[in-house]
Each structure stands twice: as C-alpha cells, then as structure tokens.
Amino acid sequence: MKILVAVKQVAALDEDFEIRADGKDVEAEFLLRDLNEWDDFALEEAVRIKEASTTTPVEVVVVSVGPEDADETLRKCLAKGADRAIRVWDDALEGSDPIAIARVLAAVARREAPELLFAGAQSSDHAFAATGIATAALLDWAHAAVLTQLNVTPGARTARFRRELEGGLLHEMETDLPAVLTIQLGINTPRYASLRAIKQAAAKPIEVLSLADLSVASEAVGESGSLSRVRRMYIPEKGRAEMIEGSIEEQAQRVLAIIREAAGGAA
Amino acid sequence: MSSTSANSGILIIAEHRQGELRPATLELVTAAQGVRRAGEKVAVALIGAAPQALVSAVSVAGVDEIVTAQVSAAEFEPDLVEAAVDALIEARKPSIVLVPHSIDAFGYAAAIAAKKGYGFSSDVFQIEYHGDALIATRGGYGQKVNIEVEFPGQPIVLLTIRGNVYKPPEATAAPAVSSLSVPHVPSRVRSLEFIEPPPSDDVDMTAAEFILSIGRGIGEEANVEKFRELADKLGATLGCSRPIADAGWLPKSRQVGQSGKTASACKLYVAMGISGAIQHLAGMKHVSTIIAINSDAAASIFSVARYGVVADIFEMADALQEQSS
C-alpha cells in the first residue's frame, strides 16, 4: 500500500513587511518559510499507518510543488518518517492558484498510483482549503475533508473516518479507496524528528520533476491554468490593534481599566 | 475577457444538517443582494433527501426563487451534492454560485470548480463588480493582508463566503418554489452517524460574556492553573484555542473559535498566548472588545484585536493578579 502526502512550504510574514512593487504579493525577503502545520499532521497520520501495519508493507511518499528551497521542508518530512520525497517545479508555476497546483499533484498521483492521498485541511498562509479536494476532482477519486480520526487497514477497499464539524459535532463516514483525505489539526500528535533521523534525511535523495516529466502543459499551470488571478494585495487599514505600551505594571493597569470598562455591561 | 456573458443570476447552495438549515445559508442571501446586478435573480438551492421540508426556512426577503433537488442521502455526501450542484448550474446558468465557507464546503466546493473549470475562490468576505469584472476579497498570510482576486473570462464564478460577515435578512417572503431532478450517481463517501462530543465540563461557552482564553503560549499543562486562577479573579470564563483542547489540557467544551463552541454572547475577550489561527480569528471577531496579549509582536491576533499588548504572558498574569486585588 502506498500513501502520498502532499505538503506545502508555507510562508509567514515578518513583523514588518513590504508589498512587492507590482502590488500582487509580499516581497519575498519578508517571508519566513516552514512546513504547513496541517501537513505535519497529515504526514504523521501516514507514518502511523505505516508503523501499525505488520503484514502489508506501506510506503509513504511526500510531494511538494515549489522551488528549490522547498527541499528543506521535504527533508523535514523524510526525517519524520517519509520513505521518499518528490519536488515538482517549473518557472511556469509562478502565479498558480490552488487549482493549478492541484493539476500538478493529480499528475504525480497518477504516476505514483497510491491508495490514499493525504493533504492538510488548509494551509496556514492562504487557507484556501481547496488544493486537496481539487486534486481529488481532477483524479475523479473519492474525497473528504477535515478528518479528526481515520481507521484504515492496508489492503482494505474502504476506510472509516470522522470529520469535525462546526461546534465540535463529529460526523462518522465511510469512503471507498482510492481517496483524497484532508487532515485536521489534532488527529494525532506529530513527532519531532530525532537528530539521527535528521542526519539520515540530509543524505536521502529528493526526486525533482519538471512539468514535462509529468506531461503537464505549462498553460495548465501558472495564471493561465488558474481559476482566479490576484489583482491586488494590500494591508487592511483597520487591521491593527491599539498597542498598549509601557512597563509590565503600566500595561497591566491599562488592561484592567479596559476590562473594568468593557465588563461594566458584561461581567 | 468575455465582458458580457449569457449567464445571469446568483445561485446559493443551502447547507443543512440533521434536518435544520445552517444559519450561514441566510447570510449568503444578503451577500447576493449586495453584489447582484440589475434584473438578476437570487435562487436558493435545497439539496437533500427531503428538501421541501426546508423551504420555509429559506423563504426570506431577497430570495426570488427556491429550487429543490432530491438526492438519496439525508446528510452530506460529497458525490451527491456535487452531482446536484452540477445539474443546478447546468439548468440555471448562473453568473455567481455562493456556498458557505463551512466544513461541508471544504469537502466539495473546490471539487466542482476544478472539475468544471469555473472561476473559484474561497473564504471570501467582500464581493463587488468593477465594471463587468467581478472582484472577490479574501485574506492572506494569516489575515495580515487582504487579497483582491479576479476571474477573467469566467462566465461562472463559485465562491465560498466567510461566516459572520453578512447579516441574514429578517423579513420573510414567499418565493416561487420549483424542483429539479438530479441524475443518480454512486456515493463513494457515505454518511454513517453523528456523534456529539461528550460533555466533559459543565461550562457553557455560548453564554459566557467575558472569556479569558489561553493558547499555545502557555507552554505546558502545568501552567493552565495559573490562568484558571487569573480568570476566576477577573470574573472571566476560562476558554482556550484549539491546540490546548487537542492536547487535552482543557476539555473540548472550553475551546472557542470556529470549530469550537461559538462564543455568541461574548463581549469581552482576553486572549493570552494565542497567536491567532484563521479559524480562531474568524470565530471570535464578532466580539466587540478583544484584548490580545502575546510575546510575539508579529502574531496574527493583533490584526483582529482592539487592544494589543506585547508582553510575556506569565509576567502579565502576575501583574494582573497583583493589581486586581
């Protein structure tokens, strides 16, 4: 059995940042990169299925669409228990929306033919909650989102899972395989990689594929292959709290004053 | 760019669960009214095993038409919903399809758009036309920036709309009701049952007016007590963000934010050590006074809080304890 885990190297913003001259994104130098937190749980779920399977061997393959610096994220995944890593990049991918990325992931899934494709329920940077499920549609596979529990026996034709709904209600469902499942935080507790595993991962190869390797046309990705296009990015005007400065005592005094005033009606 | 298309009208996909309409559906009626062009009709689609039962719940001002589409499962199953939405779009040829940005939508909205190549964006909180171009606004980088997206050449655009942005209409109405037959498709992902999370705690977060909430910044379980004492001292109900409940440091019933309990009565919210994941921010931004205390000046929560304090939360907890006696 094979599990393909799609991971994203997300970007967080530094405290101070600047919008790019073309007004469509943040200047790259202000972006701090890391493995998407949801994907960490997705990878852990795959590795646990592998470790729990005593009879059927399970292979865990991670794939990421991104330039060379995404290798760092893939190495982190190898250190946490992935068997192989694939990175897909081509300059034509610049400006891709989640659907264009899904076209690439679907091509990788066709090549790898896994029984399960895991993705994070969303990414911490742009939070579309779309890439995994769009990939399923392009593959015409069963799909479900926001899983907080999964029971799958390697070799079985179906899997049972729970998804977590608004207000904490749980929905127990059953899916045919192959399936694309998107994973919610809290489904497990992701492990830390050991120093030894980190060292070993540094020596493992990362397979790098181009669009041509996957027979994906360059028009199918980037702006031309996307279902939306960024028109403008800007910093919202009232998107900043009134900051309370001063010593810790002065700050506490002001916080208490605000609490007393606001709690006049509330508490 | 096709500036004039034959497509017209706004189609809203209603969401329901266990026989009840999900309230986010009605918010979409207001969103549709705000963006529709002269003469465009607003239709609400009810997809389910007994869709007629929900007709009265969506008979509100601003809805011109209700279309029922019967499918074999009573509860959400993605293949059935997708087949029904495909048939509805084929039959009505709308210019915009609106879906709540909900957990159900996470599981099907992008699939429809990707399969059919419709214009698509998600978690949208503003929609408008600039001339003939539809512009949707969403957040980016943990809500620190706004992003305007456009859909050049797309006659149909499917958008999932953030909750608690548009007020649902209050007046009722009597829109025309019709039905549409949906081709049968096999359901590969099937609903089995709903499970209520066990009530592990007698607290009712939905009724709390003053909540002091803790997040990852508290570091370890042993530190929960310190903040429980502070909450007691201040007269606040102790709440938490998702990671604290996931770790089992506080019961799930104390979790607030979108996937936790809706803190609908909350007027004063003190967030300590919560950096502000998107769902947490979206679930709390209705609160009129949010005070965020975090040692990380770059934390996303400062973009929704009214007041922000960059400080060590333990030192702050001590200082608040001392000064409130």
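A salt bridge is taken here as a side-chain nitrogen of Lys or Arg within 4 Å of a carboxyl oxygen of Asp or Glu. In this predicted model, Arg163(A) and Asp104(B) form such a pair, with their closest N and O atoms 2.7 Å apart. The distance of 2.7 Å lies within the 4 Å limit, and the pair therefore qualifies.

**Extent of the interface**

Chain A contributes 88 residues to the contact and chain B contributes 91 residues. Between them, chain B and chain A bury about 7600 Å², of which 59% lies on carbon and sulfur atoms. On the side of chain B, Tyr141(B), Glu148(B) and Arg188(B) supply 11% of the area buried against chain A, more than any other three residues.

**Polar and charged links**

The number of salt bridges between chain B and chain A is 13. Strand E12 (residues 189-195) of chain B gives the most to the side of chain B that touches chain A, namely 7 residues. The composition of that side by class is tabulated below.

| Class, side of chain B that touches chain A | Count |
|---|---|
| Nonpolar | 40 residues |
| Polar | 26 residues |

**Strand pairing between the chains**

Strand E12 (residues 229-234) of chain A and strand E9 (residues 145-150) of chain B run antiparallel and are joined by 5 bridges. Within this pairing, Arg232(A) has Glu148(B) in E9(B) as its bridge partner. Glu148(B) is also one of the three residues named above for their share of the area that chain B buries against chain A.

Note on methods: Residues are numbered from 1 along each chain as its sequence is written. Chains are lettered from A and ligands numbered from 1 in the order in which they are written. This is a predicted model: local features need pLDDT of at least 70, side-chain atom pairs count only at pLDDT 80 or more; totals for chains, interfaces and linings use all residues. Side-chain values use heavy atoms; hydrogens and water are left out. Contact means heavy atoms within 4.5 Å. Buried area is the accessible area (1.4 Å probe) that two parts lose on being put together, summed over both. Helices (H or I, at least four residues) and strands (E, at least two) are DSSP runs, numbered from the N terminus. Ala, Val, Leu, Ile, Met, Phe, Trp, Tyr, Cys and Pro count as nonpolar, Asp, Glu, Lys and Arg as charged, and the others, Gly among them, as polar. Two strands pair if DSSP finds at least two bridges between them.
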